[in-house]
Amino acid sequence: MQTEKTRRDGDLTLTYVVASIGFGCLIGWELSGVFSPSLVLLEGYDITEAVALRIISLMTLLATFVVCLRRADWVLENKNRVLLSTAFLSLPAVAGAFINFYFFQIPLGVAALFWGAFGIAQSTVSLYWCIFFSLIPTRRTAISVGMGAVLGTALFTFINAPGIFAVSLLELAGIMVCSVVAPLALSSHMPAEWERPIGSFRHVKTLTFPAALSTGCFGAAYGFISITVCTLGPYAALIGGASGIVGTVIACVCGYLSTKVNIDRGISQRSTLPFLLGGLLLLPLFGTAGRIACCAVVISALAYQVITTVYSTCIDSYEFRLHPVQRYSMGSVPNYVGFLVGSALSFVIMVWFPLSERPLEFAMVAFSLVIVVSFVIYGADETEARKRLNKLLASAAATVAELPQQEGETDDGQTFRARCDEVAARYKLTPRESEVLRLLAKGRNAEHIARVLVLSIATVKSHIYHIYRKMDVNSQQHLMDIVDEPAEE
């Protein structure tokens, strides 16, 4: 186990800063792909051709995640090789845009190949970043991902704003390269103890149907709105993509606060639903300007949802030793199935067979109803569990503060460690829960444990709650008594 000195998050400041910049570059070119039908990457194509190429990239992206899900162990073991062999497949789409603008229109079939490669690159680079954030200590993961998302949205706006076309493409190629070089550089300097054997990761259960349905519906909303705003023109697409900065800033603030207070993720997720539904239902009632505003509200809410999901997934994968490739791919498959369906739906009712105001209203009501039903089926409330945990911790705090230091309660005490290991094995605690147990048995509180293990207080409280539940105890003193029992026999 690492010492407290080597695990202080101050030692990781440069890692988190570089990770924020590199992840921001990924977000920048991902957004350029999301809103590409009306922006620089698909300059020269009409909206029908542009949306078709975008859908091709979504299909290859989805197929790549399916393959990664089926070969999760191999992908994790060969992550650097996979990244290097696929990451730069995004560059042909940039080269194609340059040729289209300055020389001649490349055949649509060739463009389809370029955009198929673009989808593969997007999936593998985003997956690699998830792996990276799942291997490093989590105390600053949320704020690092959140800051990266804010930077990425700003980069998207800067690159796609009207200006010199060649310069925009050069900048886009630059952030694509940076999004690959940054995680490779960070991984090459990663301490050996952060790397874990493939067999040490826990495989997660298959995603339940309600969870997959909810994820797919949110993905469908994002796909629908992204194509809808693109049909309103390049300025609308630029405003729509840029509006996500509101959601990413809120996600960043929540990530910062999560290291200090216990934020219920369920409440955070439910808070986006009114904005999502309001934007969709009001969309048919306005002209172009009003529709852009509705799209901006929905995109901001979805940006918040996406970023909080990303850093929550990475933190949980680290804390519970979950297989990062399997877990991220499992969540991405229904999300991009929904994104693909939503994009196609928007193309049909906005471009192919444009609906008049009244039929569009009915379509939006039906779409919103599906989202609400999926959310109700899947929605979970953690409030009661959190209240119980906080009550247990509060009742234990006064008792622990009065306890004298006991013999053998140092990190070098083999007898104490053996007793803790025996208790952990008896109650089938996870490796992380075992670490928390040792510190709890010494009388440490949640704040101290968070500081030593470089975790957020919310995460530590979650571990303590699970330990109490598995051991069937209701106080820290009771837990300490169980650990001391073998020594008293």
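**Cysteines, cores and salt bridges in a predicted helical chain**

Cys420 is buried, its relative accessible area being 1%. Here buried means under 20% relative accessible area, exposed means over 50%, and partly exposed lies in between, with a 1.4 Å probe and protein chains only. The model is predicted, so local features need pLDDT of at least 70 and side-chain atom pairs count only at pLDDT 80 or more, while totals for chains, interfaces and linings use all residues. Residues are numbered from 1 along each chain as its sequence is written, and side-chain values use heavy atoms, with hydrogens and water left out.

Another cysteine, Cys178, is partly exposed, at 26% relative accessible area. The closest cysteine sulfur to that of Cys178 belongs to Cys25, at 3.4 Å, which is too far for a bond. A disulfide is a pair of cysteine sulfur atoms within 2.5 Å, and the count by this rule is zero.

The overall fold can be described next. The protein chain has 21 helices and zero strands. Both kinds of element are DSSP runs numbered from the N terminus: helices are H or I with at least four residues, and strands are E with at least two. Of its 489 residues, 55% count as buried. Contact means heavy atoms within 4.5 Å; among contacts between residues at least 6 apart in sequence, 85% join residues at least 24 apart. The chain exposes about 20,900 Å², of which carbon and sulfur atoms supply 65%. Accessible areas come from the Shrake-Rupley method with a 1.4 Å probe, and for residues only the protein chains shown count as cover.

The interior is described here through nonpolar cores. A nonpolar core is a set of buried Ala, Val, Leu, Ile, Met, Phe, Trp, Tyr and Cys residues joined through side-chain atoms within 4.5 Å. The largest one has 111 residues, and Trp29, Phe35, Trp129, Phe133, Phe224, Leu276 and Ile371 touch the most other members. Helix H6 (residues 108–135) gives this core its largest share, 13 residues. Leaving aside residues up to four places away in sequence, Ile371 touches Cys217, Ala221, Leu273, Leu276, Leu277 and Leu280. Another core lies apart from this one; it has 28 residues, among them Leu429, Leu437, Ala441 and Val483.

Helix H13 holds Ala296, a residue that is buried at 16% relative accessible area. Ala296 and Ala236 are 60 residues apart along the chain, and their C-alpha atoms are separated by 9.2 Å.

Charged side chains come next. A salt bridge is a side-chain nitrogen of Lys or Arg within 4 Å of a carboxyl oxygen of Asp or Glu, and by this rule there are seven. One of them joins Arg327 and Asp316 at 3.7 Å, N to O. Arg327 lies in helix H14 (residues 324–352) and Asp316 in helix H13 (residues 288–319), so this pair ties together parts that are eleven residues apart in sequence. Arg327 is partly exposed at 24% relative accessibility, whereas Asp316 is buried at 15%.

Two further salt bridges each lie within one helix. Glu361 and Arg358 meet at 3.3 Å, N to O. These residues are three apart in helix H15 (residues 357–378), a separation of about one helical turn. Arg358 is exposed, with a relative accessible area of 54%. Glu435 and Arg432 meet at 2.4 Å, N to O. They too are three residues apart, about one turn, in helix H18 (residues 431–441), and both are buried.

The loop between helix H17 (414–426) and H18 contains Lys428. Most residues other than glycine have a negative phi. In Lys428, phi is near 55°, a positive value in a residue other than glycine. Lys428 is exposed, at 71% relative accessibility.

The surface also carries a nonpolar patch. Patches are made of residues with over 30% relative accessible area and no salt bridge; like charges are joined within 9 Å, and nonpolar side chains (Val, Leu, Ile, Met, Phe, Trp, Tyr) within 5 Å. Phe98, Phe101, Tyr102, Phe103, Phe104, Ile164 and Val167 make a nonpolar patch of about 720 Å². Its largest share, three residues, comes from helix H5 (residues 91–102). Phe101 lies in helix H5 and is partly exposed at 41% relative accessibility.
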